[in-house]
Amino acid sequence: MDAIILQILNGLDKGSAYALIALGLTLIFGTLGVVNFAHGALFMLGAFCAVTLSRLLQLSHEVVDDTRTDFLGNPLTVDVPYVYDIFGESAGAAIIDWAVPLAILFAIPIMILIGVVMERGLIKHFYKRPHADQILVTFGLAIVLQEVIKYFYGANPIPTPAPSAFVGSFDFGAVLGFDPGSIVYPYWRLIYFFFAAIVIAAVFAFLQFTTFGMVVRAGMADRETVTLLGIDIDKRFTIMFGLAAAVAGLAGVMYTPINSPNYHMGMDFLVLSFVVVVVGGMGSLPGAVLAGFLLGIIEAFASMSEVLEILPGINQIVIYLVAIIVLLTRPRGLMGRKGVMED
Amino acid sequence: MGILEVRDVSKRFGGLQALGDVNLSVAERSVHAIIGPNGAGKSTLLNCLVGKLIPDTGSVSFEGQSVLGRKPHEINQMGISRVFQTPEIFGDLTVLENMLIPCFAHRDGAFDLSAYANMMSDTEIVDRAEHALSDMRMADKRHMHAASLSRGDKRRLEIGMCLAQEPRLLLLDEPTAGMARADTNNTIDLLREIKETRPITICIIEHDMHVVFSLAERITVLAQGTPLVEDTPDRIKGHPKVREAYLGESSGH
Amino acid sequence: MTDQVTNASGAPIPAAQTRRDARDRVLGLGKKDFGLFLLVIALTMLAPFILNPFPEGSALSQFNAGYPDLMQRFVIFGIFAIGFNILFGLTGYLSFGHAAFLGVGSYAGIWAMKLLTLNVIPSIVTSIVVAGLFAAIVGFISLRRSGIYFSILTLAFAMMSFALAYSVLTPITGGETGMQLQYFDPRILDGPLEPGTTPRANLFGLEMAASYQLEVGAWLFTFNAGYYIAAIVMLIAFYLAIRIFRSPFGMMLRAIKSNQQRMNYTGLNSKPYTLAAFIISGMYAGLAGGLLVAMDTQVGAERMFWTASGEVVLMTILGGAGTLIGPVLGAGFIKYFENIVSKINESTLEAWFAFLPGGLSDAAVAVVYPFVGKGWHLTLGLLFMAVVIFLPGGLVQGGSKLATVFRRDRNAGPVEGAAAEKRQAAED
């Protein structure tokens with residue numbers, strides 16, 4: 001029992017990332033009808049927003065500290081971050097420590113801007129082109145974006161730690177009445193899951209309860225009719241693209257403490273996220289979320305040593321295997337609608 | 001016994017009874033029209049004939065053989081060709097290539113792996129395609145892209161492609177929908193010519209009464225998924241039930 | 001209707017006009033195709049000269065691509081792209097997992113060399129057969145779906161193959177370290193090698209690595225046995241591709257891309273056509289994989305990673321999907337970038353811009369540097385985007401557009417251009 005709970009928990013954080021990226025992909029696909037292969041790059045850009053903010057906060061100038069001396073007896077020069085000057089030393093240190101959560105605020109406007117620029121500058125010219133062309137041009141864009149990041153940040157992963165308050169693990173075992181230490185789960189992964197749940201809930205609430213969301217949902221179902229009603233659906237779709245970019249970006253920001261960001265992390269996630277979207281059903285938002293968590297948990301279970309003893313290597317391929325089975329038995333995915341992408 | 005026999009065919013979509021116990025017999029080498037107001041089930045019936053839809057009950061047989069459960073290409077190979085409402089042709093290919101494809105399909109069957117032969121050295125096929133093009137009076141357009149043809153020419157090409165397979169039954173789904181009067185008349189003339197020169201049965205679904213009464217020898221009127229009457233054009237014209245079905249409540253005026 | 005063939009004006013057509021070009025066929029190819037084939041023969045045979053235009057030791061000699069390793073890659077990836085184009089260019093089915101067939105072909109090839117003989121012919125034949133069988137299985141399942149679902153299915157299969165080769169299948173794939181030939185391999189046809197000797201692939205005794213070097217003044221030209229064998233194989237593969245393009249089968253594949261509905265209602269079963277195309281293109285990939293093994297006698301699982309599948313997509317699109325020569329050009333282009341442009345470093349750039357005054361030269365270096373050397377992927381990505389946006393027919397279309405600018409008087413564009421323009425027209 002405790003092993004099962006542990007695997008479900010293990011599946012949740014990766015599942016959250018899959019679900020968030022797949023949600024953004026589906027928003028773009030459902031509203032604009034565009035297959036966005038650059039979506040993984042948006043996830044990666046979000047992660048590098050966190051890296052950038054943490055670097056900006058640590059920008060410092062040299063100060064001669066008269067109270068201390070180096071080994072030669074000269075006064076010691078120390079680097080003092082500018083934030084210390086502004087907020088004082090203890091508050092400044094806390095701000096630097098909290099760089100990743102703070103990056104959420106930093107990333108939202110940036111990611112929305114990137115999304116809007118992408119949509120207006122490139123994607124909108126591809127609405128009427130075949131899906132293959134959309135895949136290809138966004139694939140090219142993804143290469144360009146990751147190379148730009150590689151140029152500025154280098155090829156190595158950049159460790160970006162979580163605030164020190166969240167370092168360490170939570171002992172679920174003790175809380176749930178199992179042996180202490182049997183279910184240990186890092187705090188940050190827990191936070192990632194709750195964060196993902198909040199973002200997903202916010203997106204659904206936004207689409208469900210606002211007029212804007214209602215129009216977008218109507219547009220997803222039948223674009224022509226909504227346009228005929230005299231609503232400028234294009235502008236709303238641009239905003240949706242910005243929103244989807246922000247969702248992907250936030251997923252990336254919060255993921256940095258779990259995996260140190262590198263320039264190709266987006267591509268690694270993209271391939272899996274597309275599998276998630278297809279399993280969930282192209283164009284279905286609940287399907288994307290469901291499939292994201294489902295595949296994350298299945299992957300975690302397949303990684304159990306008991307399973308690996310019977311089926312060695314299954315953890316490496318289980319997601320693809322599930323995808324193939326789902327696509328062949330339920331051609332429209334778990335919750336897909338009829339007639340989507342079936343050209 | 002007609003060339004095409006439809007027996008007690010019904011089809012439901014959810015709560016909607018699209019077809020209910022349709023019986024239809026199309027006599028060999030006749031021109032049979034199926035008419036009816038919007039939503040009468042004409043297209044559903046046609047889709048059941050070509051294998052795109054499978055009816056819930058009943059049977060459809062062509063020349064005594066059942067077509068049910070067969071795939072569209074198998075039904076086509078039995079001798080049924082279909083012309084679509086909007087011309088379905090190979091837009092990326094040239095007019096001649098469009099015509100070569102049905103010629104190959106007619107001779108070599110549903111699949112033929114001749115990947116090494118040159119298609120233009122197959123004189124038998126090329127001659128046949130050229131013939132088919134001149135029959136459609138399109139020989140001078142042979143090197144044009146099919147997508148760049150006019151709507152009327154696309155329709156001619158599609159009909160020509162169907163005929164190149166020498167089908168015994170030609171199904172036409174509103175072949176003049178959205179056409180200008182001149183193009184409609186050209187199509188009527190073309191179909192009339194086909195009927196007179198070829199051993200073929202034509203089954204036509206049509207909205208345009210002008211087309212129906214210029215061509216059809218027998219007419220079935222479909223309303224709400226069931227055949228209302230079946231008769232010759234002259235009798236259909238004055239039939240009270242037909243007027244009622246078409247004009248609905250306005251028949252009382 | 002009459003039996004007499006007449007044209008629109010009623011005059012008889014002299015013995016079916018379109019049959020005229022059937023008479024002047026060479027090797028079963030039309031005039032233009034034959035011309036193109038001759039051009040490719042000339043280019044591949046003279047490649048050691050063409051690719052080494054700069055004298056040894058000169059500043060520009062680093063742009064020389066005429067060394068065996070790279071020349072082999074040009075033709076081998078050319079084969080890979082030609083095969084991919086038979087599937088994508090003709091049927092429009094975008095496979096994102098073609099590297100799997102290349103990888104499977106490589107593993108099959110190296111095992112043939114381990115178990116049978118160091119002669120490359122049995123090894124290459126094994127590669128083709130095994131890759132073809134694997135493609136038959138993957139294709140049979142993936143082709144049940146179309147559009148993006150097909151792309152994702154092929155991607156899933158390729159990633160599964162990669163993951164398995166990397167982990168569970170280590171006994172037959174070598175896992176992370178890959179597979180190499182050993183002197184103690186039980187080659188049943190060759191007999192054992194002396195302990196400590198390095199096994200080298202050969203063709204009836206002619207080693208792949210054998211080279212002849214020709215010095216002409218300051219120029220050095222290398223003629224490598226492996227390259228010429230691979231080049232001849234590529235010419236055969238290219239010739240077969242032309243035949244497929246011009247065959248009834250090839251036309252059916254284009255018909256599938258154009259209108260699958262009409263295809264089915266014309267009595268044609270599109271499934272075996274797409275499956276056959278998929279298997280053929282898988283066999284081409286296997287052939288490329290087998291040749292790679294023949295040249296460097298080793299395989300690694302990274303050959304199957306999805307980026308490798310993406311690369312062949314890039315090659316084909318960049319060169320011109322659906323054209324004959326496009327994929328070969330695209331493959332050459334990308335391999336040149338990968339191997340030559342990637343080597344340009346800061347000091348090379350400084351040497352180039354040295355003629356500019358100090359500040360300007362630094363600025364020029366700073367501007368160009370991100371796009372060359374390690375940044376070559378960036379240039380490639382930008383170029384690829386530009387091609388997809390502005391030239392859907394790829395470099396071939398670009399070339400034919402240029403050609404029409406220069407030759408306004410000719411009505412007909414070149415053969416290749418026509419195909420590219422077609423694609424463009426279909427999308428307009």
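A crossing of two helices is called left-handed if the near helix is turned anticlockwise from the far one by less than a right angle, and right-handed if clockwise. The views below come from a predicted model, in which local features need pLDDT of at least 70, side-chain atom pairs count only at pLDDT 80 or more, and totals for chains, interfaces and linings use all residues. Residues are numbered from 1 along each chain as its sequence is written, while chains are lettered from A and ligands numbered from 1 in the order in which they are written.

**View 1. Helices H2(A) and H6(A) cross with left-handed sense.** Helices are DSSP runs (H or I, at least four residues), numbered from the N terminus. The axes of H2 (residues 39-57) and H6 (residues 131-153) of chain A come within 9 Å and cross at roughly 20 degrees; axes are lines fitted to C-alpha atoms over the stretch in contact, and angles run from 0 to 180 degrees between N-to-C directions. H2(A) and H6(A) are therefore roughly parallel (angles under 35 degrees). Gly40(A), Ala41(A), Met44(A), Leu45(A), Phe48(A) and Val51(A) of H2(A) meet Ala142(A), Leu145(A), Gln146(A), Ile149(A) and Tyr153(A) of H6(A). Two residues are in contact if their C-beta atoms, placed from the backbone, lie within 7 Å.

**View 2. Helices H5(B) and H6(B) cross with right-handed sense.** On the H5(B) side the contact is made by Arg151(B), Gly152(B), Arg155(B), Arg156(B), Ile159(B) and Leu163(B), and on the H6(B) side by Asp183(B), Asn186(B), Thr187(B), Leu190(B) and Ile194(B). H5 (residues 151-164) and H6 (residues 181-197) of chain B pack at about 15 degrees, with axes 10 Å apart. This pair is therefore also roughly parallel.

**View 3. Helix H1(A) has a kink of about 30 degrees, centred on Asp13(A).** The bend at a residue is the angle between axes fitted to the seven residues ending there and the seven starting there. Of the 31 residues of H1(A), 25 are buried, so the helix is largely enclosed by the rest of the structure (buried: 20 or more other C-beta atoms within 10 Å of the residue's own, with C-beta atoms placed from the backbone). Gly33(A), which follows H1(A), has a positive phi, near 70 degrees.

**View 4. Chain A and chain C each give 34 residues to their contact.** H6(A) gives the most to the chain A side, with 14 residues.

How values were computed:
Helices (H or I, at least four residues) and strands (E, at least two) are DSSP runs, numbered from the N terminus. A residue is buried if 20 or more other C-beta atoms lie within 10 Å of its own, exposed if 12 or fewer, and partly exposed in between; C-beta atoms are placed from the backbone. Angles under 35 degrees count as roughly parallel, over 145 as roughly antiparallel, 65 to 115 as roughly perpendicular and the rest as oblique.
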